[in-house]
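Here are some notes to read alongside the model. Please keep the viewer open as you go through them.

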Amino acid sequence: MNLLRYYLRKVFAVLKNEVLVLPSRIVVLLFFLSMLLMPLVVDDPYFIRILVLASIFAIFAASWDLLSGFTGQINFGHALFFGVGAYSSAILNMQAGLPHWVTIPLGALVAVAAGLVVGIPCLRLRGTYLALTTLAFPIILLGIVFAFPGLTGGELGISGLTRLSTSRTVTYYIIVCIMLVSCTIMWKVTDSKIGIIFHAIREDELAVKAAGINTILYKLMAFCLSGFFAGIAGGLYAHFMRIAGPSTLEVHMSFQVVIFSVFGGIATIWGPVGAVFILVPLLEFFRLWPEFRTLLFAFVVILILLYMPGGLLPWIRNKVEEECPRCKIRNFAARRVCRVCAAEMR
Amino acid sequence: MKKIRSYWVILLVCALALTVSVPAWAKDTIKIGVIGPMQFVQGKGHWNGAVMAMEEINAAGGVNVGGKKMKIELVQADSNEFLNVTDATNAMELLMTRHKVDFVVGGFRTEAVMAMQDIAMEYKKIFFGAGAAHPELCLRVAQDYDTYKYFFRAAPFNSNYLVRSSFLHLQFVAGILKSQLNIPNMKVAIVAEKAMWADPMVTAAEGVIPKFGMEVAGVWRPSPVATDVTAELSAIQRSGAQVIFTIFSSSVGIPFARQAGELKIPAVQVGINVEAQKDSFWEATQGQGNYIFTMNTYSREVEQNELTAPFVNAYVERFGETPTYTADTYAAIKHSLVTAIEKAGTLNADKLVEVIRDQVVKTPTGVVQYMKDDQGRYLHELTWGPGYLLGLGVQWQDGKMAGVWPNKFKASAEAPEISYTGMVDYIIPPWVAEAYKK
């Protein structure tokens with residue numbers, strides 16, 4: 001009982017001193033709570049579907065940010081990992097008869113292997129060359145998919161995968177919980193020492209090498225981690241849609257994830273996640289004007305990137321929060337003194 | 001007075017409860033979802049066909065559902081399936097849950113249709129597929145009937161039959177060349193756009209053409225979006241091919257026809273050229289597409305039966321173009337669905353499935369009857385062949401899309417000849433006739 005009281009008190013203290021002091025953290029808390037409570041309030045299968053798909057794409061977008069945003073390894077062929085995850089899960093499910101809770105992690109591990117396959121030849125490449133090389137990989141895989149229709153289903157893909165659950169609510173919770181956990185892990189990784197090295201590699205790889213850090217290892221780690229989470233997203237997508245088809249490897253899929261990440265703010269993890277939860281429902285909302293749907297979407301994206309080049313969410317965050325000039329801790333913009341060091345904010 | 005007022009309140013509450021709990025009582029329209037890539041010509045065909053069906057049915061007083069006349073209401077859903085399969089499934093979910101449609105027609109890209117099919121089946125809604133030709137869609141019906149029985153193919157007939165039709169067209173044209181130009185060893189150049197859907201057709205053509213007594217002169221695979229195909233055409237000319245068997249669904253069909261006409265390549269074109277199925281083909285090729293032969297569904301000049309001309313003429317008048325096969329949403333709604341509803345007297349999907357699967361209805365393209373597979377299982381697949389649906393072979397003749405096949409076509413030696421009204425003779429391009437005149 002005392003232990004419970006201790007933990008409750010600790011949670012309350014963290015909430016009071018760490019979370020409720022910053023608007024961005026309050027938003028994240030509300031996001032977690034609303035995602036977990038949504039099915040209790042909303043009983044609309046269409047809305048739930050949109051949230052489920054947004055959750056899957058949120059993992060996918062965050063995984064791109066982990067690789068390209070943090071490490072600077074610009075990947076224009078991120079659909080490769082998504083597609084590998086989707087196809088591997090589908091093949092294991094349909095051919096080997098394995099259940100989804102086995103196929104999805106195994107699919108993600110195959111995507112990790114794909115990360116190594118892509119990462120190793122790309123180690124010597126940078127910038128535009130790297131981007132163009134990575135763009136080629138899903139196209140190569142697409143060719144392989146069509147070359148072995150007996151295994152991959154060719155242009156039809158593999159259909160009839162087992163559902164995550166027969167209940168929509170349970171499916172929702174499985175996917176949303178995986179999304180929340182995955183994104184938290186990715187955020188924690190980027191917030192750790194590894195994340196700092198990722199940052200450093202992006203800013204000046206030579207300097208990192210000079211500091212005695214094996215950048216090859218870290219770059220490969222970024223490819224593998226990113227591949228793992230994108231593979232998880234692909235596996236979830238395949239089981240949710242009950243089909244893994246060539247569309248999972250299309251260029252559109254790769255560019256979509258870049259748009260999500262740049263719109264939300266790269267090198268943040270939470271930026272791409274937030275962007276997905278804004279853009280996916282927005283695209284559905286634009287169905288009200290079907291002729292102008294794509295145009296409106298493009299207009300919104302261009303407008304945001306034009307006026308908020310760092311991404312929408314970092315822009316909003318910088319409006320409501322300020323960094324303390326002395327201790328660099330973030331504070332609510334309305335505060336006159338820093339919440340930690342009590343220095344004057346202006 | 002108080003008592004009377006409370007009676008009124010009870011009555012009102014009961015009426016309200018009935019309205020909410022038994023929506024069918026208040027329902028006076030049949031909602032049909034039309035799903036397709038609405039920003040593309042295929043989706044526009046879906047929508048236009050459905051609009052025509054709705055207007056005609058509603059003008060005639062509506063659908064007789066067990067003695068009650070109900071009007072048709074259409075709901076458009078842009079699947080955006082060429083670009084995004086996820087979008088297509090969202091559109092289907094929207095139709096099912098927000099718009100609460102009773103039936104769905106449309107779909108084009110097979111991968112997307114399969115995903116959409118799963119959603120429609122989950123909600124037990126009848127879905128007429130009017131675009132994807134892959135047999136797998138109907139194989140699912142046979143393999144898991146309880147789940148997939150709500151899916152029916154509306155158009156086109158499945159890809160196996162599309163291939164068989166195009167081979168019949170090849171034999172037809174080769175036969176004319178043989179008889180009129182006395183070419184003993186016919187050579188055929190296979191030209192298929194570099195796309196996956198065309199691969200099995202190329203393999204099949206390579207296997208079948210020698211069996212027809214012809215030689216394969218070579219296989220050429222230009223890009224689907226190629227704008228210059230003179231290299232391929234020169235190579236074909238050097239190969240000595242008299243016939244070019246085309247397999248095009250993309251824009252390459254236009255430059256291929258135009259440049260072949262400009263260069264006066266001495267070989268006739270026959271097969272599938274989707275661009276040549278459109279009214280705009282003549283202008284797009286600046287008249288150089290003259291004498292191009294392609295498989296098609298409709299032609300302004302041809303009447304498969306008495307229903308064709310009224311439909312095609314009304315369509316042309318309403319939308320200013322000849323209908324394409326995705327406009328067969330018209331036949332799916334007007335002839336298959338409404339006929340079944342009026343016969344069954346209900347909107348109950350299970351009861352309607354039992355009627356549709358066994359009914360035989362005449363549509364503007366022919367007679368629709370659903371097939372069973374070899375094991376006698378319901379496939380919900382369109383029957384192809386004489387007396388049912390056969391398709392058309394059209395040739396561009398001086399700016400007009402003329403029907404040339406079936407013209408005195410006999411499926412077997414004993415079978416009766418089949419010709420549609422408005423058929424004309426196939427014309428060998430003059431420069432081809434000139435090249436092989438002896």
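1. A word on conventions before the details. This is a predicted model, in which local features need pLDDT of at least 70 and side-chain atom pairs count only at pLDDT 80 or more, while totals for chains, interfaces and linings use all residues. Residues are numbered from 1 along each chain as its sequence is written, chains are lettered from A and ligands numbered from 1 in the order in which they are written, and side-chain values use heavy atoms, with hydrogens and water left out.

2. Let us begin with the charged pairs. Over all chains, a search of the whole structure finds 30 salt bridges (a side-chain nitrogen of Lys or Arg within 4 Å of a carboxyl oxygen of Asp or Glu). As background, side chains of opposite charge can pair when their charged atoms come close.

3. In chain A, have a look at Arg330(A), which meets Glu321(A) in a salt bridge at 3.0 Å, N to O. Both Arg330(A) and Glu321(A) are buried (under 20% relative accessible area; exposed is over 50%, and partly exposed lies in between, with a 1.4 Å probe and protein chains only).

4. Another pair in chain A is Arg25(A) with Glu18(A), whose closest N and O atoms are 3.5 Å apart. Arg25(A) is partly exposed at 33%, and Glu18(A) is partly exposed too, at 41%.

5. In chain B, the side chains of Glu55(B) and Arg318(B) form a salt bridge of 2.4 Å, N to O. This pair links distant parts of the chain, 263 residues apart: Glu55(B) is in helix H3 (residues 41–59) and Arg318(B) in helix H13 (residues 308–319). Helices here are DSSP runs (H or I, at least four residues), numbered from the N terminus. Glu55(B) is partly exposed at 34%, as is Arg318(B) at 41%.

6. A network of salt bridges also joins residues of both chains: Arg49(A), Arg163(A), Arg168(A), Glu93(B) and Glu122(B).

7. Finally, how many salt bridges are counted between domain 1 and domain 2 of chain B? The count is zero.

Key:
Helix = DSSP H or I, 4+ residues; strand = E, 2+ residues; numbered from the N terminus.
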